[in-house]
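Visitor: Hi, I've just been handed this one and could use a hand finding my way around. Can we go through it bit by bit?

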Amino acid sequence: MTIKINQQSGVPIYLQIVQGIKNSVAFGTLAPGEKLLSVRELAVKLRVNPNTVARAYRELKHENIIESKWGGGNFISGSVAKIADKEKKKIITEELLRAVKNGRELGFTDQELKLILERILKDGSEA
């Protein structure tokens with residue numbers, strides 16, 4: 001699991017941790033039943049306050065992405081398959097929105113962008 005913290009992004013660090021774990025689940029880096037680092041271990045690794053990691057873990061528990069086992073630690077929930085699909089769609093939607101925005105800024109019409117995407121989907125080539 002790789003979580004990158006960007007102090008300059010304006011996004012709270014605990015939310016960056018939440019998103020990093022969600023992305024790891026979506027990409028299959030973290031599987032159901034897999035044990036997460038302890039709050040303290042992850043805080044040391046990311047060089048953040050342990051309370052920040054604890055807050056991220058609470059949020060992930062609330063969203064049923066992780067579950068705690070008393071005395072055993074935090075684990076990826078067995079029900080993350082649905083969540084992983086949702087996250088994958090969210091990730092690709094954000095990427096496509098970014099590409100459409102960039103295309104429009106470059107002066108392409110929606111029809112031209114659609115043709116480019118269709119060509120890429122059809123034969124994997126660039127425009």
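Visitor: Let's start with the hairpin. Which strands form it, and how many residues sit between them?

Guide: Strand 1 and strand 2 make the hairpin, with 3 residues between them. Keep in mind that this is a predicted model. In the turn, Gly71 has a positive phi of about 75 degrees.

Visitor: Which way do those two strands run, parallel or antiparallel?

Guide: They run antiparallel, and 4 bridges join strand 1 to strand 2, which covers residues 73–76.

Visitor: And what stands opposite Ile66?

Guide: That's Ile76, in strand 2. Ile76 also turns up in the largest nonpolar core, as one of the residues that touch the most other members.

Visitor: OK, tell me about that core. How many residues are in it, and which touch the most other members?

Guide: The core has 21 residues, and the ones touching the most other members are Ile17, Ile21, Tyr57 and Ile76. The elements that give it two or more residues are helix 1 (13–26), helix 2 (39–46), helix 3 (50–62) and helix 4 (80–105).

Visitor: Which helix gives the most?

Guide: Helix 1 does, with 5 residues. As general background, nonpolar side chains tend to be buried together in soluble globular proteins.

Visitor: What does Ile17 touch, leaving out residues up to four places away in sequence?

Guide: With those left out, Ile17 touches Ile3, Ile5, Leu42, Leu46, Val48, Thr52, Val53 and Ala56.

Visitor: Leu46 is on that list. Where does Leu46 lie, and is it buried or exposed?

Guide: Leu46 lies in helix 2. At 14% relative accessibility, Leu46 counts as buried, because the cut-off for buried is under 20%. Not counting residues up to four places away in sequence, Leu46 touches Ile3, Ile5 and Ile17.

Visitor: How far is Leu46 from Leu60?

Guide: Their C-alpha atoms are separated by 17 Å, and the two residues are 14 apart along the chain.

Visitor: What else does Gln16 touch?

Guide: Setting aside residues up to four places away in sequence, Gln16 touches Ile3, Lys4, Ile5, Asn6, Ser9 and Val11. Ile3 and Ile5 are also touched by Ile17.

Visitor: New topic: salt bridges. How many does the structure hold?

Guide: It holds 4 salt bridges. In one of them, the side chains of Lys22 and Glu63 meet at 2.7 Å, N to O. Lys22 lies in helix 1 and Glu63 in the loop between helix 3 and strand 1 (66–69), so this pair ties together parts that are 41 residues apart in sequence.

Visitor: Are those two buried or exposed?

Guide: Lys22 counts as buried, at 10% relative accessibility. Glu63 is partly exposed, with a relative accessible area of 27%.

Visitor: Let's finish with helix 5. How many residues has it, and how far does it reach?

Guide: Helix 5 (residues 110–123) has 14 residues and reaches 20 Å from its first C-alpha to its last. That's close to the 20 Å expected at 1.5 Å a residue.

Visitor: What comes just after helix 5?

Guide: Gly124 does, and Gly124 takes a positive phi of about 70 degrees.

Conventions
Residues are numbered from 1 along each chain as its sequence is written. This is a predicted model: local features need pLDDT of at least 70, side-chain atom pairs count only at pLDDT 80 or more; totals for chains, interfaces and linings use all residues. Side-chain values use heavy atoms; hydrogens and water are left out. A nonpolar core is a set of buried Ala, Val, Leu, Ile, Met, Phe, Trp, Tyr and Cys residues joined through side-chain atoms within 4.5 Å. Buried means under 20% relative accessible area, exposed over 50%, partly exposed in between (1.4 Å probe, protein chains only). Contact means heavy atoms within 4.5 Å. Two strands pair if DSSP finds at least two bridges between them. The expected span of a helix is 1.5 Å times one less than its number of residues.
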